[in-house]
Structure formats: C-alpha cells, structure tokens
Amino acid sequence: MKDSNQLIELLKGHKVYLQTHNFPDPDALASAFGLQNFLKYYGINSLICYDGKIEKVSTKKMLTAFGIEAFPKDEITDMTSDDYIITVDGQKHNANFTDLPGDEVACIDHHPTFIECEYKYSDIRITGACASIVTEYYINAGVPLDTNTATALLYGLKMDTASFERGVTDFDIDIFKYLHNICDKELLKTVHNNSMELDDLKAYGAAIENIRVYDNFGFVYIPFDCNDALVAMISDFILALDVVEVSVVYATRDGGLKFSVRSEQSSLHAGKLISNALSDYGNGGGHASMSGGVIPADNMDKLGKYRDLTIQNLFLKNIENATK
Ligand SMILES: [Mn+2]
C-alpha cells in the first residue's frame with residue numbers, strides 16, 4: 001500500500017499539474033479530478049492538463065456534469081521545468097503521453113509499464129481503472145469524499161471497465177461498493193445515457209459492412225477519420241459477436257492509421273499482439289484484453305499496394321506465433 005503522505009510532502013510548495021494521457025477518456029479525467037480534490041484537502045492546488053483533444057461529446061458533457069476543469073496544453077503557457085507534474089492514467093515516455101516542460105515527479109496509473117521512468121513517487125497497479133486507485137487514497141487517508149467527486153470516479157471506473165466486464169479486479173469491485181454508497185445515482189444515469197453520437201452510427205455502419213471474420217478473429221477497416229474512443233467502441237462492438245474472440249479495428253487518422261485491439265483469449269495478450277504486429281510500421285501496446293496503436297502517415301508507403309492485406313497478415317502471423 002502506498003503512503004499518500006509521501007506524495008503530499010513531495011508536492012508541498014510546488015506548482016502542480018495533473019497531466020492525463022493525450023486525448024483523455026472518462027477514467028483519465030475522473031482520476032485527475034479525484035486527485036485534484038484529494039490534494040486540495042491538504043491545501044495543495046493543482047491544474048488538470050492534457051495534450052490532444054477531448055473528442056467525444058459524451059466526455060465533454062462529463063466535464064460539465066461534474067464541474068471538471070481541464071486545460072489543453074496550448075492553453076497552458078506558463079509551465080516551467082520547476083513545476084511538478086503527476087502523470088495520471090498514463091506514463092511518461094508512452095506514445096500517448098506528450099512530454100511537457102514540467103518535471104514528472106509522480107505517476108499514478110493502472111497500465112503496464114513499457115518504458116521505465118524514475119519518479120519520486122510512483123503508484124502503478126494493474127487494475128480496471130485508475131479511478132479505483134485514486135478512490136483508495138481517500139479511503140486510506142480518511143479524507144472525506146463528496147458525492148460529486150465520488151460520482152465522477154464511479155463513472156470513470158464504469159467506463160474503463162465497460163461496466164465491470166473488462167479488466168476488472170476484486171479491488172475495483174471493493175471500490176465500486178464504496179463509491180456506490182456515496183454517489184448520485186440520478187446524475188450517473190444522466191451522464192451514462194446519451195453517450196452515443198449520431199456520427200458514431202456511421203462508423204458502426206461501416207463496421208457492419210466491412211467486417212471480415214477468420215476463425216474467431218474479427219477484422220474491420222473504417223475508411224474515414226474516427227476519434228480514438230470511437231475506434232475503441234467499434235472494437236468492443238465487434239467483440240460482442242459470438243464468433244469473435246479477438247478484434248482488430250483500424251481507421252484513417254491524420255494520414256496514418258489508428259488501431260484498437262481486443263482479446264477474450266487468455267492465451268493472446270492484446271498489448272503484446274499489437275506491439276509485435278506493428279513493430280516495423282508504427283507502435284502499439286496496452287493491456288492483456290485491450291490495446292491500441294498507430295501507424296504514422298510517414299510509414300504508410302511501407303505497407304505497399306495491398307495495404308489491408310499486409311495489415312491483416314501482420315496480425316494473423318503474430319496470432320499464429322503467439323498461440324503456437
Ligand atoms: Mn484508464
């Protein structure tokens with residue numbers, strides 16, 4: 001168990017930023033918000049920041065619903081190398097984590113580490129959501145958790161675990177029980193409904209039209225720009241098919257390709273699969289059950305004339321190797 005006093009002592013007297021991974025999702029924002037309020041209890045003010053955009057309308061709505069203030073990096077012009085950064089729901093050196101001027105002194109995350117980084121305070125645990133780790137800070141330190149913050153944390157936990165069906169641990173369930181008793185159930189329902197956007201339907205349509213299934217491997221290309229969250233949603237959607245146990249979904253993105261992989265097979269690690277499959281063309285990584293990656297625009301030529309076939313073969317070859 002981590003002693004949050006160490007974190008408080010470390011931050012005292014410094015300007016503190018809570019940086020989430022780029023293109024933050026509900027868990028990243030809820031975790032940063034929860035941590036921000038936790039630190040406030042000790043008189044430490046902090047600012048939530050991120051690179052990229054908040055693309056989903058539902059995630060933007062979440063900010064309004066819970067009163068979360070988060071700033072894109074372009075709006076933060078006065079950060080210096082003396083300022084302290086806590087990386088939340090992500091780690092320094094990751095492809096989805098922009099290196100800002102501040103000093104990354106602390107990390108609170110629930111993803112596996114791909115590139116080691118020395119933090120003065122590090123709390124990295126593999127759980128369903130980063131929000132669970134942040135909630136435990138309140139419990140262990142006996143810091144009062146208000147209804148609004150609890151509801152935000154529960155929303156993050158719910159979203160990141162696909163309503164407790166993905167990557168969920170006993171720890172997450174204990175935390176759920178705790179948050180469930182405090183949260184505003186009506187508010188949670190309001191934020192949770194209305195999460196589908198009209199544009200999403202277009203992507204679902206393309207997925208239904210383009211899906212190819214080989215054994216229990218589902219493969220979808222969406223021939224237009226989709227945000228990261230939507231690519232991930234389509235991947236979950238494909239996985240819901242009874243015959244599909246591994247899904248690979250990719251869409252056009254900034255001239256390159258954005259990938260999302262899901263695996264229900266315990267013998268097939270989604271993070272390793274994408275990392276290996278894309279190693280010569282781009283990068284990727286993630287959990288055993290879910291992962292993501294990109295092929296940047298510069299490397300698109302490398303895929304050759306039969307791009308989709310090349311990609312498909314990269315994955316099939318690696319699936320074959322992994323399950324040998
Ligand atoms: Mn997360």
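Two strands count as paired here if DSSP finds at least two bridges between them, and helices (H or I, at least four residues) and strands (E, at least two) are DSSP runs numbered from the N terminus. What you're looking at is a predicted model, so local features need pLDDT of at least 70, side-chain atom pairs count only at pLDDT 80 or more, and totals for chains, interfaces and linings use all residues. Residues are numbered from 1 along each chain as its sequence is written.

Let's start with the overall layout. The domain assignment (bounds from an automatic or database assignment) gives domain 1 as 4-192 and domain 2 as 201-322. Taken over C-alpha atoms, the centres of the two domains are 27 Å apart. Two residues are in contact if their C-beta atoms, placed from the backbone, lie within 7 Å; 11 residues of domain 1 touch 10 residues of domain 2 that way. The domain 1 side of that meeting has 5 nonpolar, 2 polar and 4 charged residues, where Ala, Val, Leu, Ile, Met, Phe, Trp, Tyr, Cys and Pro count as nonpolar, Asp, Glu, Lys and Arg as charged, and the others, Gly among them, as polar.

Now go to strand β4, residues 84-88. A residue is buried if 20 or more other C-beta atoms lie within 10 Å of its own, exposed if 12 or fewer, and partly exposed in between, with C-beta atoms placed from the backbone. By that count 5 of the 5 residues of β4 are buried, so the strand is largely enclosed by the rest of the structure. In a regular strand the side chains alternate between the two faces of the sheet. In β4, Tyr-84, Ile-86 and Val-88 point one way, while Ile-85 and Thr-87 point the other. As for partners, β4 pairs with β1 in the parallel sense over 5 bridges, with Gln-19 bridging to Thr-87 of β4. Another 5 bridges join β4 to β5 (residues 103-109), also parallel, and there Tyr-84 stands opposite Asp-103.

If you set aside neighbours within four places in sequence, Leu-35 is in contact with Leu-18, Ile-86, Val-88, Ile-108 and Val-134.

Strand β9 (residues 246-253) runs antiparallel to β10 over 8 bridges, and Tyr-250 stands opposite Phe-259.

Most residues other than glycine have a negative phi. Phe-23, in the loop between β1 (16-20) and α2 (26-41), has a positive phi near 50 degrees. Phe-23 counts as partly exposed because it has 18 C-beta neighbours inside 10 Å. Phe-164, in the loop between α5 (147-160) and α6 (170-182), has a positive phi near 65 degrees. Phe-164 has 14 other C-beta atoms within 10 Å, so it is partly exposed.
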